[in-house]
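Work through the exercises below with the model open. Try each task before reading its solution.

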Amino acid sequence: MKRILIVDDAMTVRMYHRQLMESIGFEVDEAYNGIEALEKSMAVSYDLFLVDVNMPKMDGYRFVEEIRQNKDLMAMPVIMVSTEAEDKDKEKAYLAGANYYFVKPVKPDELKEYVSLLSGEYI
């Protein structure tokens, strides 16, 4: 079974994304911010990260930059989700190393499709 780490400081968003990911067969772990996500990613093997941008302690951009520096995690697919909708925000996410950037609220079918595509689990 594929495993995903959802990184978001909003519990309702994590619950929503968890429900979507479990509906397509993923095992789901959650992290409140980038620091917690980094700690979990060092202890557990994930197939994909679903990461918010704006979080306390370590934001999503920094988290992605950090995993891109780690030889064991650098190729891990990352989807970033944010309320930030300007081109500069998307550009910053891609420069940090994100594979895809969604603006919240994400359409469920679109998110499921991209998660499946990036993880190699076709639904």
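**Exercise 1: a strand residue**

Task: which residues does S82 contact, leaving aside its neighbours within four places in sequence?

Solution. S82 touches D52, V53, N54, Y101, F102, V103 and K104, where contact means heavy atoms within 4.5 Å. Finally, a polar side-chain atom of S82 lies 2.9 Å from the backbone nitrogen of E84.

The model is predicted: local features need pLDDT of at least 70, side-chain atom pairs count only at pLDDT 80 or more, and totals for chains, interfaces and linings use all residues. Residues are numbered from 1 along each chain as its sequence is written, and side-chain values use heavy atoms, leaving out hydrogens and water.

**Exercise 2: a helix pair**

Task: at what angle do α1 and α5 pack?

Solution. Take α1 (residues 11-23) and α5 (residues 108-119): the angle is about 60 degrees, and the axes are 10 Å apart. Now list the contacts: Y16, H17, L20, M21 and S23 in α1 meet P108, L111, K112 and V115 in α5. By class, this contact has 6 nonpolar, 2 polar and 1 charged residues.

**Exercise 3: a lysine**

Solution. K2 sits in the segment before β1 (3-7). At 22% relative accessibility, K2 counts as partly exposed. A polar atom of the K2 side chain lies 2.9 Å from the backbone oxygen of S119.

Methods: Axes fitted to C-alpha atoms, helices over the stretch in contact; angles between N-to-C directions. Helix = DSSP H or I, 4+ residues; strand = E, 2+ residues; numbered from the N terminus. Nonpolar A, V, L, I, M, F, W, Y, C, P; charged D, E, K, R; others polar. Buried < 20%, exposed > 50% of the residue type's maximum accessible area, 1.4 Å probe, protein only. Polar contact = N/O pair within 3.5 Å; in protein donor to acceptor, adjacent residues only side chain to side chain.
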